[in-house]
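Reader: I would like to see how the labels on this structure follow from the numbers. Please set each value against its cut-off.

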Amino acid sequence: MFLVKIRETDYHHGAFVATLVNRGYQIRAFESFETRRSYKISKGEEEYLVYSKFSSTPSSKTKTTCTWSFTFSIEEISKIKLYSSTNDHCLIVLTAHYGGNDGGELIILTYEEFLKCIGYPWNTKNARVSIHKAHRKCIKVY
């Protein structure tokens with residue numbers, strides 16, 4: 001008999017993995033950490049190196065909007081830069097949960113989009129990506 005504690009992060013990364021598997025991608029864990037994970041995903045000849053993060057609740061929420069903030073440390077940014085330099089396709093996946101409600105959003109950024117969002121200089125200790133979702137509107141990433 002096995003008894004394994006399931007962490008909240010496992011649910012969020014599971015949502016990301018299930019979404020891609022359901023769309024025909026093959027996934028391999030590339031590196032594991034307690035709060036974030038890196039994956040290699042492929043479909044046909046395409047292969048991507050993915051860095052993923054999650055937010056379990058919005059940082060700001062009203063009746064019609066949700067905003068999530070994803071903060072990236074200097075070490076995380078360095079790792080993402082390394083991934084980009086060693087692989088033609090580097091993606092950053094952000095899983096944003098609505099909190100007490102079911103569901104959430106899955107945001108996939110290219111390396112270039114990620115760098116635009118965190119701004120220059122890319123080695124600041126407060127680099128972040130924000131996701132804003134208004135009811136019946138497109139998601140804004142900045």
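Author: A disulfide is a pair of cysteine sulfur atoms within 2.5 Å. The model is a predicted one.

Reader: What rules out a bond for C117?

Author: For C117 the closest cysteine sulfur is that of C90, at 14 Å, which is too far for a bond. By this rule the count comes to zero disulfides.

Reader: Why is C117 called buried, and why is C138 called exposed?

Author: Buried requires under 20% relative accessible area and exposed requires over 50%. C117 has 19%, so it is buried. C138 has 68% and therefore counts as exposed.

Reader: What makes P58 a buried residue, and where does P58 lie?

Author: The relative accessibility of P58 is 15%, to be set against the limit of under 20%; P58 therefore counts as buried. P58 lies in the loop between strand 3 (46–55) and strand 4 (60–61). Beyond residues up to four places away in sequence, P58 touches C66, T67, W68, H97, Y98 and G99.

Reader: Why does T67 count as buried, and which residues are in contact with T67?

Author: T67 is in strand 5. Its relative accessibility is 11% and the limit is under 20%, so T67 counts as buried. With neighbours within four places in sequence left aside, T67 is in contact with P58, S59, S60, I131, H132 and Y142.

Reader: How many aromatic pairs does a search of the whole structure find, and why is the pair of W68 and Y98 called tilted?

Author: The search finds four aromatic pairs. For W68 and Y98 the ring centres are 5.6 Å apart and the planes meet at 50°. Centres must lie within 6.5 Å, and planes under 30 degrees apart would be stacked, over 60 edge-to-face; the pair is therefore tilted. W68 lies in strand 5 (residues 65–72) and Y98 in the loop between strand 6 (90–97) and strand 7 (104–110), so the pair ties together parts 30 residues apart in sequence. Both W68 and Y98 are buried.

Reader: What places K43 over the face of Y25?

Author: K43 is at 5.1 Å from the ring centre of Y25, and the distance limit is within 6 Å. K53 likewise lies over the face of F72, at 4.7 Å from the ring centre.

Reader: What puts the buried residues of helix 1 on the same side?

Author: The buried residues are T9, H12, H13, F16 and L20. They cover an arc of only 90° around the axis, which puts them on the same side of helix 1. Y11 and N22, on the other side, are exposed.

Reader: Why are the buried residues of helix 2 said to line one face?

Author: E76, I77, I80 and Y83 are the buried residues of helix 2. Seen down the axis they fall within an arc of 120°, so they line one face of the helix. The face turned away from the buried side carries the exposed residues E75, S85 and T86.

Notes
Residues are numbered from 1 along each chain as its sequence is written. This is a predicted model: local features need pLDDT of at least 70, side-chain atom pairs count only at pLDDT 80 or more; totals for chains, interfaces and linings use all residues. Side-chain values use heavy atoms; hydrogens and water are left out. Buried means under 20% relative accessible area, exposed over 50%, partly exposed in between (1.4 Å probe, protein chains only). Helices (H or I, at least four residues) and strands (E, at least two) are DSSP runs, numbered from the N terminus. Contact means heavy atoms within 4.5 Å. Rings of Phe, Tyr and Trp (its six-membered ring) pair if their centres lie within 6.5 Å; planes under 30 degrees apart count as stacked, over 60 as edge-to-face and the rest as tilted. A charge sits over a ring if NZ of Lys or CZ of Arg is within 6 Å of the ring centre and within 35 degrees of the ring normal. The arc is that of the directions from the helix axis to the C-beta atoms.
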